[in-house]
Amino acid sequence: MQNTHRLSYSMPLARSLSVTSLSGLEEWDEEFDLEDAVLFEIAWEVANKVGGIYTVIQTKARLTSEEWGENYFLVGPYVESNVRTQVELIEPTNPVLKRTIDKMNSSGCKVYFGRWLIEGSPYVILIDVAYTAWSLDSWKSELWELCAIGVPWFDREANDAVLFGFLTAWLLGEYAAQCEEPPHIVAHFHEWLAGLGLMLCRQRQLPVATIFTTHATLLGRYLCAGNVDFYNKLAEFNVDKEAGDRQIYHRYCIERAAAHCAHVFTTVSQITAIEAEHLLKRKPDIITPNGLNVKKFSAVHEFQNLHAQSKNRIQEFVRGHFYGHLDFNLDKCLFLFIAGRYEFSNKGADIFLEALARLNYLLRVNHSDVTVIAFFIMPARTNNFNVETLKGQAVRKQLWDTAQTVKERFGKKLYESLLVGQLPDVSKMLDKEDFTIMKRAIFATQRQCQPPICTHNMLEDSGDPILTCVRRIGLFNSSADRVKIIFHPEFLSSTSPLLPMDYEEFVRGCHLGVFPSYYEPWGYTPAECTVMGIPSISTNLSGFGCFMEEHIADPSAYGIYILDRRFRGVDESCNQLTSFLFQFCKQSRRQRIIQRNRTERLSDLLDWRYLGKYYVSARHMALAKAFPDTFIYEHHDPTSTSGFRYPRPASVPPSPSLSRHSSPHHSEAEDNDEDERYDEDLEAEKDRVNIRQPYTLPLKNKVSAVHEANGNGNGVTSNKN
């Protein structure tokens, strides 16, 4: 008699245009066994860092490995430079997979097997696409005959997609053929580069449950980069014409076909689901938000100290960069940053620069003593470090060495004076030579030019979007400006001679991350800020912003500022961003500390132990659709309860415009006012009540939740042999 595995959930999985309530996660029932199922997760970015999908797969691997154990395999391209540093090549332990790989290798392929050296140590199958390039023309012909999709010879990325697609379909087909009993295979494909493999699986009618996840639509990214009123005209686009005009029609066809062929179609956010429905013509079955391994970023009870340490390192860089013009108080200096791919409009660098110009005006007319330094960390084409920038760090180091020399001489004289029992004569502690050394050091800091905007020599200085905008708004790091700009057109590295910090250290040292993106399907940068306790600004056009708006009643109280770029014009959005920045500048140091505490407590919302549940449900849904005789998916109507939301904090708000002071007048001593109505431990306890304990998956092949057939929900745990 055939076993039937029942999939039952207490919440609707088809509610795709709204990220489902996190409070419902712990109520999901696991009612089937994965013993005879195997999962292949296929992406071009497996052990191959290109963009954000690498982060998704890398951070999710541990949780998926815990769920599937030895039956979880990641499939990606073989890139020798990456394999040398990230992968331990071994022999396959699964006999079916070993036979599959041996058969493919004997048929003219090069397929490697190993462990990816990341958290969870998942198995990886790496396919050398270049080795089978001789088959490209015949496979292109087959693609045209089967699907009427023609791939031009000059599109190297699409050529790789064809090779990778046919090879992954070959792998899955061979694996199914080598199985002695009918297998239950789940294949999860990420993005259009892997999508062709999914299409071939369906065309060849392989026994595979397929899932396709788009992290950003091809056409959406291209349209937004072209300054199109994207979201207001989403329903009006002639998608075939738009794709053809941009010479990506063949790519678009692969992406759209993969979305329609898949048993389950998912995307990463509510805003991208709306986009996919219009551009790919299929509504996603479920939203699968991107998470992080929060443990990696969490520094229990230490993140405030880590912020102070990293901030001091940034201050050292600033001392060198602004030597000769260091006429502002570093203790009243706020560090803002934007980071990511250099997409000037898509990432919101344009609106950020305009808001900085307006903020500079507000700070000056209000005679604020706060100085804002905005960092732009966006890789661009450069040929080397800027000489003036390197000189600044050399001058700072020279001043430090001079101060140490004078300090040692001073200390020696003080020591000798105390030894003979005399109080030192301060006027004689520093002699003429000491003053000469110090004067020479001061003269060395004189500078005839303004501190540089860019830390590197740009190859296309005159046409660079950021530098062109800076020239237009006139922020040249002059002494009169309260807003300074530093453009670092290279990813951060701890080995840099200029700013020797890695990205995580740098983020921890900043006060606010600013990401006013126009096109951002998810947004890992504000998510990383959140888990490190750093407030951030995102938009209601980013997946992260939509997610936070749905689950937090008042996001700004928790340091998550959501900019409205969907229903406001550019100028209105810019004014709103300026207002956010100005209010942030008015916060006292203590208010910023309170806000960072609140922000850090949101990190559980972004943990894969919560968000991984959506991937679990997508796989279960795919199994039920592909193998209806074996797996049953029961759809439940939506419950009347709304999604979980963090409430507004009951204690004193962090925003100065809303704060209620215990005394009628604001005093300079407020930073240390212990009578202010805020109890950190009490508020943390309230937040802990609002967030559920992280879900823990049962270990593969050891523990399984078995529910009674009458559906009464009483679970009995049994050990499996």
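**A buried glutamate, and what lies beyond**

Reply: Glu-191 counts as buried, at 12% relative accessibility (buried is under 20% relative accessible area, exposed over 50%, partly exposed in between, with a 1.4 Å probe and protein chains only). This is a predicted model, in which local features need pLDDT of at least 70 and side-chain atom pairs pLDDT 80 or more, while totals for chains, interfaces and linings use all residues. Residues are numbered from 1 along each chain as its sequence is written, and side-chain values use heavy atoms, leaving out hydrogens and water.

Glu-191 belongs to helix 6, residues 191–203 (helices, H or I with at least four residues, and strands, E with at least two, are DSSP runs numbered from the N terminus). Its backbone has a positive phi of about 70°, although Glu-191 is not a glycine. Lys-281 is another non-glycine with a positive phi, in its case about 65°. Lys-281 sits in a loop, between helix 10 (270–279) and strand 10 (286–287), and is partly exposed at 39% relative accessible area.

Now for another loop, the one between strand 11 (333–339) and helix 13, where you will find Ser-345. With a relative accessible area of 23%, Ser-345 is partly exposed. Setting aside residues up to four places away in sequence, Ser-345 touches Asn-227, Asp-350, Tyr-518 and Arg-565 (contact is heavy atoms within 4.5 Å). Ser-345 also lies 9.3 Å from Pro-465, C-alpha to C-alpha, although 120 residues separate the two in sequence.

Glu-343 is buried at 18% relative accessible area, whereas Arg-221 is partly exposed at 26%.

How many salt bridges does the structure hold? There are 37. One of them joins Glu-174 to Lys-103, with the closest N and O atoms 3.7 Å apart. Glu-174 is in helix 5 (residues 156–178) and Lys-103 in helix 3 (residues 95–106), so this pair ties together parts 71 residues apart in sequence. Here Glu-174 is buried, with a relative accessible area of 13%, and Lys-103 is partly exposed, with 40%. Asp-564 and Arg-568 form a further bridge, at 3.6 Å from N to O; Asp-564 is buried at 15%, while Arg-568 is partly exposed at 36%. Salt bridges also link Arg-409, Lys-413, Asp-431, Glu-433 and Asp-434 into a network.

Finally, look at helix 17 (residues 465–473), where Ile-466, Leu-467, Cys-469, Val-470 and Ile-473 are buried. They lie on the same side of helix 17, because they cover an arc of only 160° around the axis (taken from the directions from the helix axis to the C-beta atoms). Among the elements covering these buried residues are helix 13 (349–365), strand 12 (371–377), strand 14 (456–458) and strand 15 (483–488).

Notes
A salt bridge is a side-chain nitrogen of Lys or Arg within 4 Å of a carboxyl oxygen of Asp or Glu.
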